[in-house]
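Trainee: Can we go through this model together? I'd like to start with the pocket.

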Amino acid sequence: MNLTIPYTSKRLRKTLLLSLLYWVICLMNILGADDLGYLQIGFLILAIVSTFLYFRERKQQYLTISEGMIKRNDIWGRKIRLDEVIHIEKYAGDYILKTPTKKLRIDTHIIPPEALKELEGVLGQIQLTTAKT
């Protein structure tokens, strides 16, 4: 089973608008200053990083479920084997998947409703194992 859970378009728009705002502030600071200082360099770095994050989120999507693994496609790339999950907790609308050694939090607020139904279907199929001591 291969399943990709995307970000909501609202999340992607917010990320893009924030990136554009950083670029505008950066250009205003650079054009209005006589020399390139720490503030201008800081906003330039912030603009570049936020633009990189937007394109990464647009391309990578939020979650990938394949070959018995669930992977959150963020910078750190956290992943959990589905057969090791011992507990699934729903807290404040988020899912927290726990194994004996790891924990993976899935933010459901940034998942489109149709993809959330697919994710809930996958989570409902997980056979929870007991912790091995």
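Trainee: Which helix gives the largest share of the lining of the largest pocket?

Mentor: Helix 2 does, with four residues. Helices here are DSSP runs of H or I with at least four residues, strands are E runs of at least two, and both are numbered from the N terminus. Helix 1 also supplies at least two residues of that lining.

Trainee: What counts as a pocket and as lining?

Mentor: On a 1 Å grid over the protein atoms alone, a pocket is an open set of points where a 1.4 Å probe fits, with protein on both sides within 12 Å along at least five of seven lines; lining residues have an atom within 4 Å of a point.

Trainee: How much space is in it, and which residues are closest to its centre?

Mentor: About 290 Å³, taken as the space filled by probe spheres set on the points, which are joined across faces, edges and corners. Of the 16 lining residues, Tyr-7, Arg-11, Glu-57, Asp-74 and Ile-75 are the closest to the centre.

Trainee: How does the lining split by class?

Mentor: Seven charged, six nonpolar and three polar. Nonpolar covers Ala, Val, Leu, Ile, Met, Phe, Trp, Tyr, Cys and Pro; charged covers Asp, Glu, Lys and Arg; the others, Gly among them, are polar.

Trainee: Before I go on, where do these values come from?

Mentor: The model is predicted, so local features need pLDDT of at least 70 and side-chain atom pairs 80 or more, while totals for chains, interfaces and linings use all residues. Numbering runs from 1 along each chain as its sequence is written, and side-chain values use heavy atoms, with hydrogens and water left out.

Trainee: New topic: backbone. Which residues have a positive phi without being a glycine?

Mentor: Gln-61, at about 70°, and Glu-67, at about 50°. Gln-61 lies in the loop between helix 2 and strand 2 (63–66), and Glu-67 in the loop between strand 2 and strand 3 (69–72).

Trainee: Is Glu-67 buried or exposed?

Mentor: Glu-67 counts as exposed because its relative accessibility is 70%. The cut-offs are under 20% relative accessible area for buried and over 50% for exposed, with partly exposed in between (1.4 Å probe, protein chains only).

Trainee: And Glu-118, where is that?

Mentor: Glu-118 is in helix 3 (residues 113–125) and is partly exposed, at 41%. Glu-118 and Ile-5 are 113 residues apart in sequence, with their C-alpha atoms 8.4 Å apart.
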